[in-house]
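Please view the sequence and the model together before turning to the notes below.

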Amino acid sequence: EFGRRSNAYTSHWGTAQGEVSVTVNWDRNADKITIDKKQFNRNAGNVFVVIRQPSGNLAATQLASPGADLDAKAALQFIQHHMTNEPVITTARLAE
């Protein structure tokens, strides 16, 4: 959803327990990102990693901006480099 003051992006996917979704809201006037009640200043970085925990809770992390025009492989490597203590991230692989 795109509006004059804010945008919302919702991602849906299936799991063994059913479908889940995550909504990311961007208040363009305040330049703030909200993910599951957690708010971030976008000028601190434009990479957001959301992990859905087994309990169903969301853990959102903001990372620095990596630069422009990264492909998917470089973006994943950037995230893995900055989140070395998250096994779900360090073991993530892209589909080939």
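Valine 24 stands opposite isoleucine 35 in strand E3; strands (E, at least two residues) and helices (H or I, at least four) are DSSP runs, numbered from the N terminus. The model is predicted: local features need pLDDT of at least 70, side-chain atom pairs count only at pLDDT 80 or more, and totals for chains, interfaces and linings use all residues. Residues are numbered from 1 along each chain as its sequence is written, and side-chain values use heavy atoms, with hydrogens and water left out.

**Strand pairing**
- E2 and E3 run antiparallel and are joined by four bridges; two strands pair if DSSP finds at least two bridges between them.
- These strands, E2 and E3, form a hairpin with four residues between them, and aspartate 31 in the turn has a positive phi of about 55°.
- E1 pairs with E2 (residues 18-27) in the antiparallel sense over ten bridges.
- Two residues lie between E1 and E2 in their hairpin.
- Tryptophan 13 has valine 20 in E2 as its bridge partner.

**The loop between E3 and E4**
- Aspartate 36 is placed in this loop, with a positive phi near 50°.
- Lysine 37 also lies in the loop, and its phi is positive at about 70°.
- Most residues other than glycine have a negative phi.
- Aspartate 36 counts as partly exposed because its relative accessibility is 44%, whereas lysine 37, at 81%, counts as exposed.
- Buried means under 20% relative accessible area, exposed over 50%, and partly exposed in between (1.4 Å probe, protein chains only).

**Confidence**
- The protein chain averages a pLDDT of 91, and 98% of the residues score at least 70; pLDDT is the predictor's confidence in each residue, from 0 to 100.
- Mean confidence is lowest in E1 (residues 6-15), at 89, and highest in E4 (residues 38-41), at 97.
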